[in-house]
Number of protein chains: 2
Amino acid sequence: MDLANTLKRRIEELSSIGNDPTGGMTRLLYTDSWKAAQNWVVEELQSFGMETAFDEVGNLFGRKEGSESKKTILSGSHIDTVVNGGTLDGQFGVIAAMTAMEYLIDTYGQPKKALEVISMAEEEGSRFPTVFWGSKNFVGEAINKDVEGIVDSNGAEFVSEMRRQGFDFKEKQTRREDIDAFVEIHIEQGNVLENEGLQIGVVNNIAGQRRYTVVLKGQANHAGTTPMGYRHDAVYGFAKICHESIEKAKAVGDPLVLTFGKVEPKPNTVNVVPGEVLFTIDCRHTDADELVRFTTDLEKRIEEISQELGLTAEVDLWMDEAPVPMNDQIVSTIEAQAKKGDYSYKMMHSGAGHDSQVIAPHYPTAMIFVPSINGISHNPAEETKFEDLVEGVKILADTLYELAY
Amino acid sequence: MDLANTLKRRIEELSSIGNDPTGGMTRLLYTDSWKAAQNWVVEELQSFGMETAFDEVGNLFGRKEGSESKKTILSGSHIDTVVNGGTLDGQFGVIAAMTAMEYLIDTYGQPKKALEVISMAEEEGSRFPTVFWGSKNFVGEAINKDVEGIVDSNGAEFVSEMRRQGFDFKEKQTRREDIDAFVEIHIEQGNVLENEGLQIGVVNNIAGQRRYTVVLKGQANHAGTTPMGYRHDAVYGFAKICHESIEKAKAVGDPLVLTFGKVEPKPNTVNVVPGEVLFTIDCRHTDADELVRFTTDLEKRIEEISQELGLTAEVDLWMDEAPVPMNDQIVSTIEAQAKKGDYSYKMMHSGAGHDSQVIAPHYPTAMIFVPSINGISHNPAEETKFEDLVEGVKILADTLYELAY
């Protein structure tokens with residue numbers, strides 16, 4: 001079996017399902033293109049002898065039984081995309097898993113433990129206001145009432161769309177007892193590997209994140225007739241908070257990141273002192289205590305600066321996810337393969353969220369990253385050098401071999 | 001003649017012309033409500049014996065000849081409003097002028113020099129992309145080709161709208177030789193008088209202003225996967241520029257003002273490091289050299305900070321108006337009346353633009369301010385205590401008496 005050519009064909013074929021005329025790929029949960037993609041995965045899995053099955057909600061599994069054990073070594077990722085996404089986020093992890101397993105079975109025959117591919121129904125949260133629907137159902141943590149009644153931007157209901165594609169709620173949230181390891185390969189979606197000229201990232205932690213929406217209120221005033229001393233300038237308050245705290249975040253350095261991504265002043269006009277500004281904060285760190293300490297200090301500074309400038313601040317912490325460490329043993333296994341195979345690699349954390357963070361608390365889990373050109377993802381320009389994709393599949397195969405044979 | 005009651009009635013009557021169902025008053029150049037307002041002014045002027053005349057473009061004049069001289073003491077303001085404006089900006093200056101003059105004629109008979117009211121066609125720039133159309137035609141500075149071809153937001157043409165109301169271009173831009181003084185009374189549109197508990201502002205200068213649009217370009221990146229050291233964060237660049245330069249402007253203090261009114265990051269999303277931000281700068285000062293010095297330093301800092309953070313900056317200076325000093329003698333005359341009449345007053349500059357800045361280079365000009373409650377204008381909530389309006393009309397009458405009798 002020609003690993004590189006099979007990989008290439010599979011990426012091309014799967015990328016043709018969900019082509020978006022407005023750019024890139026759009027393959028949203030429970031749409032027809034999503035179903036077509038899962039069906040394509042079924043055929044590919046069956047083509048090299050895997051037994052396939054969907055669970056109730058539409059997660060797809062392909063299984064090759066082990067000769068000595070019912071225990072399972074699992075690999076895969078999610079099949080859904082963002083709107084106008086690229087051809088690697090999610091689906092590369094599914095294709096890489098099946099290609100690595102086909103290569104192993106082709107080369108070494110039946111494994112001792114079962115090898116299993118998972119093509120998860122949903123991770124992106126790009127159609128309905130819910131995320132990790134696939135992985136949460138897999139580990140038995142999904143909450144049905146969270147999606148009852150939710151609709152997409154066209155008003156289509158989650159539940160009726162799920163049923164339209166032949167799926168339904170799990171009767172009971174159960175978890176499997178046979179999973180010995182889960183390994184997910186994914187594009188980095190950042191520029192660390194590229195900047196450091198490396199092909200492989202061995203992921204030992206998924207950063208925790210806290211997201212805030214802050215509204216500063218001051219007083220809108222005429223930009224010409226209001227002396228500086230009489231102003232309550234909300235944008236000035238934002239600028240002071242943003243400037244000061246990014247300086248601080250730079251001084252703290254890796255793995256802390258801090259982003260003020262959205263800024264919306266009112267009335268947003270050249271000649272009016274802004275009376276209000278809404279902005280967001282996204283802060284991530286691999287250490288739970290450090291994340292809380294930094295953001296708590298930041299909350300305090302927002303309060304202090306607001307008081308100093310005669311503003312009021314509404315601070316809404318609407319996302320608070322703790323870091324998720326990867327399993328030491330699986331991480332070591334991957335690193336050992338990297339050393340043995342002389343891959344160029346580094347140990348690193350993931351700043352982005354992944355299915356692995358949902359799965360890791362339940363089963364020994366780790367991730368492998370391949371470089372993203374210019375760190376771009378969630379974009380039609382998402383790309384990885386093909387040789388880097390091949391290297392990724394190879395180290396995944398090496399790792400699965402170590403775990404299953 | 002009862003000055004206060006006449007003033008009250010006139011404000012009420014004129015405010016009923018151009019009532020906007022969406023809030024406040026909207027009386028845009030060459031609309032029917034604009035014409036109705038000018039016609040109302042005609043009737044009021046004629047009611048106390050003034051001779052009225054429109055010029056070619058629709059500026060309206062009401063004149064009472066002097067007994068000893070053909071020289072003219074002129075007062076007034078503009079009749080147009082912004083969209084959803086208040087009931088004082090502009091029209092208070094027209095009503096105050098006619099009411100003060102009626103009071104003077106009623107009390108003291110014919111003046112020595114002519115008294116003349118001007119109700120200018122347009123100042124706000126709120127219908128067509130042109131400002132000071134009224135005052136510029138009055139002083140012979142309007143440029144016809146600047147308005148040929150311009151349209152309002154509904155596509156109506158400036159020239160056809162002008163002609164529809166019975167007006168047309170001046171055949172030749174001429175200026176009158178008889179104007180001895182122009183005094184404009186206006187609401188402050190700021191909160192200085194209110195904060196200092198004063199009723200009258202004697203305006204000695206109209207601030208110059210420079211306005212910029214700046215675009216900072218960096219690189220949009222994933223907020224989780226891009227370490228602080230690999231970022232080119234455009235919003236961080238904005239925050240540094242804004243924070244630093246407002247601190248500096250506060251240290252310089254009055255009469256310098258600096259506003260960052262508009263901020264528009266791209267893509268403006270919580271979890272993306274902003275790759276671009278557009279923002280505006282509005283800077284004003286009464287001293288031309290100081291204005292240029294401060295903004296030139298600011299331009300330099302934008303360049304330096306951009307280089308430091310790996311951003312590029314496009315800096316567009318699209319408005320550059322020099323300060324306009326008021327005429328010393330007219331200012332002194334107003335101040336003398338303020339002292340004599342024991343008005344609570346201060347000498348101050350105007351941070352906003354006014355017809356007076358167009359007229360001042362041609363004729364001895366000064367302005368009188370009355371307080372704005374909460375500094376609000378260009379808004380249905382625009383308001384001034386009625387007793388402050390009365391005080392304003394009284395000091396205007398005192399001043400016109402001094403100049404014309």
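Trainee: How many residues does the contact take from chain B and from chain A?
Mentor: This is a predicted model, and in it the contact takes 59 residues from chain B and 59 residues from chain A. Contact here means heavy atoms within 4.5 Å.

Trainee: What area is buried between chain B and chain A, and which residues of chain B supply more of it than any other three?
Mentor: About 4,800 Å² is buried between the two chains, and carbon and sulfur atoms give 57% of that area. On the side of chain B, M228(B), Y236(B) and V270(B) supply 15% of the area buried against chain A, more than any other three residues.

Trainee: Why is it said that the copies meet through the same surface?
Mentor: Of the interface residues of chain B, 100% are also interface residues in chain A, so the surface is the same in both copies.

Trainee: Which residues does UniProt list for "binding site"?
Mentor: The unreviewed UniProt entry lists D89(A), E124(A) and H378(A) under that feature. They are spread over 290 residues of sequence but cluster in space, with a largest C-alpha distance of 9.9 Å. D89(A), E124(A) and H378(A) also take part in the lining of the second largest cavity.

Trainee: Why does E124(A) count as buried?
Mentor: Its relative accessibility is 14%, and buried means under 20%; E124(A) therefore counts as buried. E124(A) is found in the loop between β4 and α4 of chain A. Beyond its neighbours within four places in sequence, E124(A) is in contact with residues including H78(A), D80(A), D89(A) and H378(A).

Trainee: Why does H378(A) count as partly exposed?
Mentor: The relative accessibility of H378(A) is 36%, whereas buried means under 20% and exposed over 50%. The value falls in between, so H378(A) counts as partly exposed. H378(A) is found in the loop between β16 and α12 of chain A.

Trainee: What makes the pair H378(A) and E124(A) a polar contact?
Mentor: Their side chains make this contact at 3.3 Å, and the definition asks for a pair of N or O atoms within 3.5 Å. The distance therefore meets the cut-off.

Conventions. Residues are numbered from 1 along each chain as its sequence is written. Chains are lettered from A and ligands numbered from 1 in the order in which they are written. This is a predicted model: local features need pLDDT of at least 70, side-chain atom pairs count only at pLDDT 80 or more; totals for chains, interfaces and linings use all residues. Side-chain values use heavy atoms; hydrogens and water are left out. UniProt positions are given in the numbering used here, feature names are shortened, and annotations may be inferred rather than shown by experiment. On a 1 Å grid over the protein atoms alone, a cavity is a set of points where a 1.4 Å probe fits but cannot get out, and a pocket is an open set with protein on both sides within 12 Å along at least five of seven lines; lining residues have an atom within 4 Å of a point. Helices (H or I, at least four residues) and strands (E, at least two) are DSSP runs, numbered from the N terminus. Buried means under 20% relative accessible area, exposed over 50%, partly exposed in between (1.4 Å probe, protein chains only). A polar contact is a pair of N or O atoms within 3.5 Å; within protein, one must be able to donate a hydrogen and the other to accept it, and residues adjacent in sequence count only if both atoms are side-chain atoms. Buried area is the accessible area (1.4 Å probe) that two parts lose on being put together, summed over both.
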